[in-house]
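Please keep the sequence and the structure in view while reading.

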Amino acid sequence: MNRLLACAVLGTTLAAPSLARACPDCASTIAARAALWDDPSFAFHLGATTAPFVVLGALVLALHRLGTSSSSGDR
Amino acid sequence: MRARPTRYGPYLAPGVALGIGMGGFVDGIVLHQVAQWHNMLSARIPPVDLVAMKTNMLWDGLFHVFAWLMTAIGIALLFRARGHAESDRDTSRFVGALAIGWGSFNVVEGVLDHHLLGLHHVHPGRDELAWDLGFLAFGALLVVVGYLLVRPRRGVAPRHRRTAPA
């Protein structure tokens, strides 16, 4: 009986991920995924998402120069 | 030729870069995914259906890509900094650099994405301006606390790496 129960639990555990994987093949999901790239504002969204990191990257570069000087050699 | 550390030390930039990356992950993981207060474009494309939700998920993912890249840059700078003969490997100063990074992330991201571009708000609703300003204030506080920890201290000589006995 215990062995049967263990098999049932194991079977369910193994089957669950494949059931979950079935969803990406649904027509509605495929349509939604395709619609993602039909974004007329894609360039704006990309620029807007990137902008803070560009500004902060420039800050890191400036601090790197502040923290080290490349004008002198090894001591 | 190797760069020589100045009074701020070679660990300032790596600490700030790592702080920016970790600040980005705090925002993305805690506010976008766990609390689900907002998504990257939730003020422009409210996530009210599957396509809108997946669109926001895509841009949340790209936001995480940039946070990851900033973290990777921080690790690379940290790896480079390890070779300096004179290095102030002071824990409090490194924590200060992390705080500056996290705080500057909040300030820059808050000003650009919340206020100028209107991509999303910290906690949309009636008090969204208060939440956005609180986000900025928390960032500014972190920058100030970080600077107090990082600034060169008068009369304190930089630490030197311990050399192996001859």
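At roughly what angle do the axes of helix α3 of chain A and helix α1 of chain B cross?

## Basis of the description

This is a predicted model, in which local features need pLDDT of at least 70 and side-chain atom pairs count only at pLDDT 80 or more, while totals for chains, interfaces and linings use all residues. Residues are numbered from 1 along each chain as its sequence is written, chains are lettered from A and ligands numbered from 1 in the order in which they are written, and side-chain values use heavy atoms, with hydrogens and water left out.

## Helix packing between the chains

The axes of helix α3 (residues 42-67) of chain A and helix α1 (residues 12-34) of chain B cross at roughly 160 degrees and come within 8 Å of each other; axes here are lines fitted to C-alpha atoms, for helices over the stretch in contact, and angles run from 0 to 180 degrees between N-to-C directions. α3(A) and α1(B) are therefore roughly antiparallel, a term for angles over 145 degrees.

The crossing of α3(A) past α1(B) is right-handed, that is, the near helix is turned clockwise from the far one by less than a right angle. On the α3(A) side, A:L56, A:L59, A:V60, A:L63, A:H64 and A:L66 meet B:L12, B:A13, B:V16, B:A17 and B:I20 of α1(B), where contact means heavy atoms within 4.5 Å.

## Chain B

Chain B has four helices and one strand, in the order β-α-α-α-α along the sequence; helices (H or I, at least four residues) and strands (E, at least two) are DSSP runs, numbered from the N terminus. Of the 166 residues in chain B, 45% are buried, meaning under 20% relative accessible area with a 1.4 Å probe and protein chains only.

Within chain B, the axes of α3(B) and helix α4 (residues 128-150) come within 7 Å and cross at roughly 155 degrees. That makes α3(B) roughly antiparallel to α4(B), and the crossing between α3(B) and α4(B) is left-handed.

## Two residues of chain B

B:D113 lies in helix α3 (residues 91-116) of chain B. B:D113 is buried yet has no salt bridge, and B:R44, the nearest side chain of opposite charge, is 10.0 Å away; a salt bridge requires a side-chain nitrogen of Lys or Arg within 4 Å of a carboxyl oxygen of Asp or Glu. Leaving aside neighbours within four places in sequence, B:D113 is in contact with residues of both chains, including A:A48, A:P52 and B:M40.

B:Q36 has a positive phi, near 55 degrees, although the residue is other than glycine. B:Q36 is exposed, with a relative accessible area of 61%, exposed being over 50%.

How values were computed:
Lys, Arg positive; Asp, Glu negative; His and termini not counted. Parallel < 35°, antiparallel > 145°, perpendicular 65-115°, else oblique.
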